[in-house]
Amino acid sequence: MIILAVETSCDETSIAVLKIENRRLDILSNIVSSQVKLHAKYGGVFPSLAKREHQKNLPIILKKTIKKADNPKIDIVAVINGPGLEICLWQGINFAKDLAKKLRRPLVPVNHIEAHIIANFISENSKFEIRNSNFFPAVCLVVSGGHTQLILMKDIGKYKLIGETRDDAAGECFDKAARILGLGYPGGPKVDAQAAKHQTQKPKYKINLPRPMIAAKNYDFSFSGLKTAVLYDFKNRPLKIKKSPLYVKEMCFEVQQAIIDVLLRKTIKAAKDFKVKSIILGGGVAACQKLKERFKEKIEKEMPHTKYFVPDVKYCTDNALMVALTAYFHRSRRTNWQKISADANLKIG
Ligand code: KG4
Ligand code: ZN
């Protein structure tokens with residue numbers, strides 16, 4: 001079976017072709033064209049600009065994809081229909097609809113959040129294994145620029161949202177902190193790089209940021225106060241300190257620790273409360289090296305029998321390959337493609 005997937009939910013334009021035979025994945029093509037440079041000067045994604053770029057890039061990427069995949073015989077077309085930026089989602093949906101119509105193939109709509117979870121099952125050069133009795137229930141933490149959600153997963157396709165952010169997403173907090181510090185966009189990787197250079201033994205500025213909602217007896221998050229705390233600390237420092245590499249490194253380290261502390265505490269609480277067999281991460285923020293390490297350490301220490309999954313870095317951020325694999329699991333869902341529409345706030349479960 002060969003699946004062609006399209007993804008345009010935010011600022012990446014991506015098309016992938018995935019061949020699956022006997023649970024073996026053959027990645028025929030996965031092109032991700034990032035618009036990061038274009039949006040950098042706005043310090044975040046500018047939706048109408050992103051839409052125009054998707055429109056311009058999709059036919060070019062399709063041509064490249066077909067060439068790279070050596071003119072594949074496509075069985076299914078798939079596309080993310082939400083959540084995401086509505087005008088961007090529509091670009092991908094309309095493009096995929098045209099393609100499905102031309103090829104006379106079914107079109108499978110895919111939930112963006114589910115795709116980030118399924119990214120964990122992308123295995124190159126080996127069979128993917130999903131043994132329900134071993135893996136589920138699982139708790140999934142999806143952390144990206146637009147979402148921070150804790151999801152209880154009973155099986156592929158069976159999800160229950162148990163907590164989410166009440167304001168900013170974790171990735172958004174990284175992006176805003178980086179903007180305050182003048183590090184550029186996207187903030188996550190920039191903060192990550194600065195934090196890695198910080199000498200933890202000798203903090204000079206002793207920055208103490210809050211860990212919002214860390215002790216609350218629910219699985220919800222809130223990151224807007226953290227961003228404000230970064231802004232106040234920054235504003236109250238003399239210019240010389242604000243510009244000092246030492247301050248920037250120390251602040252980046254503290255922001256990263258604050259975000260990880262909250263994500264870790266809530267995820268472990270959910271994992272224990274629901275007695276899960278696996279902890280699954282996904283989304284752009286899961287690319288953070290420190291976050292992955294701290295989850296690994298904590299799970300090994302406190303829940304050593306729990307499986308721990310995190311996607312390969314290149315499959316953490318938005319890509320069409322995760323969409324293709326998700327569509328594979330839902331290939332029998334026959335949706336009338338004419339009825340598929342963008343839902344910016346599409347929920348999982
Ligand atoms: O999943 P994604 O590509 O797009 C959305 O669905 O939003 O996630 C993008 C987010 C951005 O906020 C970016 O700053 C963050 O993921 N990110 C990271 C890292 N790499 C990307 N955050 C922390 N550490 C990283 N290494
Ligand atoms: Zn995403």
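The points below cover conventions, pockets, aromatic contacts and backbone geometry.

1. Conventions. This is a predicted model, in which local features need pLDDT of at least 70 and side-chain atom pairs count only at pLDDT 80 or more, while totals for chains, interfaces and linings use all residues. Residues are numbered from 1 along each chain as its sequence is written, chains are lettered from A and ligands numbered from 1 in the order in which they are written, and side-chain values use heavy atoms, with hydrogens and water left out.

2. Largest pocket. A volume of about 1,200 Å³ is found for the largest pocket. A pocket here is an open set of points on a 1 Å grid over the protein atoms alone, where a 1.4 Å probe fits, with protein on both sides within 12 Å along at least five of seven lines; lining residues have an atom within 4 Å of a point. The volume is the space filled by probe spheres set on the points, and grid points are joined across faces, edges and corners. The lining counts 47 residues, and Cys10, Ser144, Gly145, Gly146 and Asp175 lie nearest the centre. Two or more lining residues come from each of β3 (24-34), α4, β7 (148-155), α6 (170-180) and α7 (187-197). Helices (H or I, at least four residues) and strands (E, at least two) are DSSP runs, numbered from the N terminus.

3. Helix α6 gives the most to the lining of the largest pocket, with six residues. By class, this lining has 17 nonpolar, 20 polar and ten charged residues. Ala, Val, Leu, Ile, Met, Phe, Trp, Tyr, Cys and Pro count as nonpolar, Asp, Glu, Lys and Arg as charged, and the others, Gly among them, as polar. The largest pocket lies between domain 1 (2-122 + 314-339) and domain 2 (133-310), because both give residues to its lining. The domain bounds come from an automatic or database domain assignment.

4. Second largest pocket. This one holds about 200 Å³ of space. It is lined by 14 residues, with Pro109, Asn111, Glu114, Arg333 and Leu346 the closest to its centre. Strand β5 (residues 107-111) gives the most to this lining, with three residues. The lining of the second largest pocket divides into five nonpolar, six polar and three charged residues.

5. Aromatic pairs. There are ten aromatic pairs in the structure. Rings of Phe, Tyr and Trp (its six-membered ring) pair if their centres lie within 6.5 Å; planes under 30 degrees apart count as stacked, over 60 as edge-to-face and the rest as tilted. The pair of Phe121 and Phe309 is tilted, because the centres are 6.1 Å apart and the planes stand at 50 degrees. Phe121 is in the loop between α4 (112-118) and α5 (132-135) and Phe309 is in strand β10 (residues 307-309), so this pair ties together parts that are 188 residues apart in sequence. Phe121 is buried at 5% relative accessibility, and Phe309 is buried at 17%. Buried means under 20% relative accessible area, exposed over 50%, and partly exposed in between (1.4 Å probe, protein chains only).

6. A further partner of Phe309. Phe135 and Phe309 form an edge-to-face pair, 5.3 Å centre to centre with 75 degrees between the planes. Since Phe135 lies in helix α5 and Phe309 in strand β10, the pair ties together parts that are 174 residues apart in sequence. Phe135 is buried, with a relative accessible area of 10%. One aromatic cluster is formed by Phe121, Phe135, Phe136 and Phe309.

7. Charges over rings. Lys242 lies over the face of Phe234, at 4.9 Å from the ring centre. The charged end of Arg331 sits over the ring of Tyr328, 4.1 Å from its centre. The criterion is NZ of Lys or CZ of Arg within 6 Å of the ring centre and within 35 degrees of the ring normal.

8. Backbone geometry. Gly82 and Pro83 are joined by a cis peptide bond, with omega about -5 degrees; Pro83 is in the loop between β4 (76-82) and α3 (86-103). Another cis peptide bond joins Tyr185 and Pro186, with omega about -5 degrees; Pro186 is in the loop between α6 and α7. Asp70 has a positive phi, near 60 degrees, and is exposed at 64% relative accessibility.
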